[in-house]
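Visitor: I am new to this structure and would like to know what stands behind the terms used for it. Please show it to me, and then I will ask.

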Amino acid sequence: ARKYVDSRCIFFRKPLLESGTLGTKANVQVIYPDLTESYGSQTDPEQNVFPECTIHFFPNVIQHTITWAKSVFKSSFNDNVEDVNEFLRDAQQFMSGEKGRNILALETVYDYLVRNKPSSFLDCVSWARIKFEELFNWSIRNIILTYPPDRRSSSGALFWSGNKRCPTPIEFDVQDETHMMFIESASTLFATLYGIGDLDGTHDLRAMVQQVTVPQYVPNPIADTTKEDDNSNGEEEKEEKEENHHNDEEGDNAATTTEQDLEQAKKKEEYVEYLRLQITSKCLEADGSSSRTTQFAPIEFEKDSETNFHVEFMTSCSNLRARSYKIPEVDKWTTKGIAGNIIPAMITTTALVTGLVS
């Protein structure tokens, strides 16, 4: 809107008095065509973005865990749903196209239309309970497998030191209010996707969650992206020692690598075919169209509703992550402010900038 008004002022050669506030900060700009730069001459600097590795593995402040919780919300109730809708719009084109051979796209369709498809609110509670385990127990254990608490760098310094906090897996407790806030908000949002009615007063959520059978943890270490090159010194010596063995080993190593690659490629292809078969048999009609005709309505984060459980999900998800990393937890009002980028307007700042622009 500002850029449009700016362009009209330039076109009609009219002055523009531009001002704005941001908490305690404010700006004033008096613009006159041909005498000053226009509003559109400069662009606002991009907002600070936290590094991905910090968000996913090494958070140390609550802003990191809230950003992570927003990504979980978006992937669970928005982005992945769009992929499923693409399948529902034209299943034949989806399966015959690039996504029909893409493991992530096929897994998403399989998860939402087969594996996790709920028929009751109890199924949604089951999904939320297993999601709790995935996010706050299994994923943390996978991180610790790659980066053990006693891990040290080549210099002898502890890996988990400074801003890096060693996380602790969280064991689910039905009596913990934050645990139950996550279960209630996650299951309600998942039910909303499928048009299943909310939890009513006749059901005991704690009793429902205790009925859920949680799968066994399967270790899956994360990729180590922080490996240091311990061989940076003495490279020439190493090269000289390896020279004599190079020719003999080269063929063996190449053969081993090729065999491993072929084996991995074979497993990947088998898994793709399994997913395609499952989706074809359980999600498609005889004519190749989708058996589900209604598309999902992706859920956009809405901070200002008191009944949609968005802020509750964000708060519980962020605080549980923070608890794992020993980061002080915050209430839902603080979470709402950070997640929704809310910066309070101050009447004193407004009064000052109004005087300046006048």
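Visitor: What makes strand E1 (residues 16-22) and strand E2 (residues 25-31) a pair?

Guide: In this predicted model, E1 and E2 are joined in the antiparallel sense over seven bridges. Pairing asks for at least two bridges, so the two strands count as paired. Leu17 stands opposite Val30 in E2, and Leu22 stands opposite Lys25 in E2.

Visitor: How many residues lie between E1 and E2 in the hairpin?

Guide: There are two residues between the strands. Gly23 is in the turn and has a positive phi of about 65 degrees.

Visitor: Which other elements does the chain have besides strands?

Guide: The protein chain has twelve helices and two strands. Read along the sequence, the pattern is α-β-β-α-α-α-α-α-α-α-α-α-α-α.

Visitor: Why is Thr54 called buried?

Guide: Buried means under 20% relative accessible area. Thr54 has 16% relative accessibility, so Thr54 counts as buried. Thr54 lies in helix H2 (residues 52-56). Leaving aside neighbours within four places in sequence, Thr54 is in contact with Pro59 and His64. Thr54 and Trp68 are 14 residues apart in sequence, and their C-alpha atoms are 9.6 Å apart in space.

Visitor: How do you know that Val81 is buried?

Guide: The cut-off is again under 20%. Val81 has 0% relative accessibility, and therefore Val81 is buried. Val81 belongs to helix H3. Beyond four places in sequence, Val81 is in contact with Ser76, Tyr112, Leu193, Phe296 and Pro298. One of these, Tyr112, is 31 residues from Val81 in sequence and 8.0 Å away, C-alpha to C-alpha.

Visitor: What share of the protein chain is buried?

Guide: Of the 358 residues in the protein chain, 35% are buried. As for contacts with a separation of 6 or more, 74% join residues 24 or more positions apart.

Visitor: Which residues does Phe87 touch?

Guide: Not counting residues up to four places away in sequence, Phe87 touches Phe94, Met95, Val109, Leu113, Ile279, Cys283, Leu284 and Ser290.

Visitor: What makes a space inside the protein a cavity?

Guide: The structure holds one cavity of 30 Å³ or more. The largest cavity has about 50 Å³ of space. Lys303, Ser305, Glu306, Val311, Glu312, Lys332, Trp333 and Lys336 line the largest cavity. H10 and helix H11 (332-339) are the elements that give two or more residues to this lining, and the largest share, three residues, comes from H11.

Visitor: How many residues of that lining are charged?

Guide: Five are charged, two are nonpolar and one is polar.

Visitor: Why are Lys326 and Asn341 called exposed?

Guide: Exposed means over 50% relative accessible area. Lys326 has 54%, so Lys326 is exposed. Asn341 has 53%, so Asn341 is exposed as well. Lys326 lies in the loop between H10 and H11, and Asn341 lies in the loop between H11 and helix H12 (347-357).

Visitor: What makes the phi of Lys326 and the phi of Asn341 worth a remark?

Guide: Most residues other than glycine have a negative phi. Phi of Lys326 is near 60 degrees, a positive value. Phi of Asn341 is near 55 degrees, also a positive value. Neither residue is a glycine.

Definitions and conventions. Residues are numbered from 1 along each chain as its sequence is written. This is a predicted model: local features need pLDDT of at least 70, side-chain atom pairs count only at pLDDT 80 or more; totals for chains, interfaces and linings use all residues. Side-chain values use heavy atoms; hydrogens and water are left out. Contact means heavy atoms within 4.5 Å. On a 1 Å grid over the protein atoms alone, a cavity is a set of points where a 1.4 Å probe fits but cannot get out, and a pocket is an open set with protein on both sides within 12 Å along at least five of seven lines; lining residues have an atom within 4 Å of a point. Grid points are joined across faces, edges and corners, and a volume is the space filled by probe spheres set on the points. Helices (H or I, at least four residues) and strands (E, at least two) are DSSP runs, numbered from the N terminus. Ala, Val, Leu, Ile, Met, Phe, Trp, Tyr, Cys and Pro count as nonpolar, Asp, Glu, Lys and Arg as charged, and the others, Gly among them, as polar. Buried means under 20% relative accessible area, exposed over 50%, partly exposed in between (1.4 Å probe, protein chains only).
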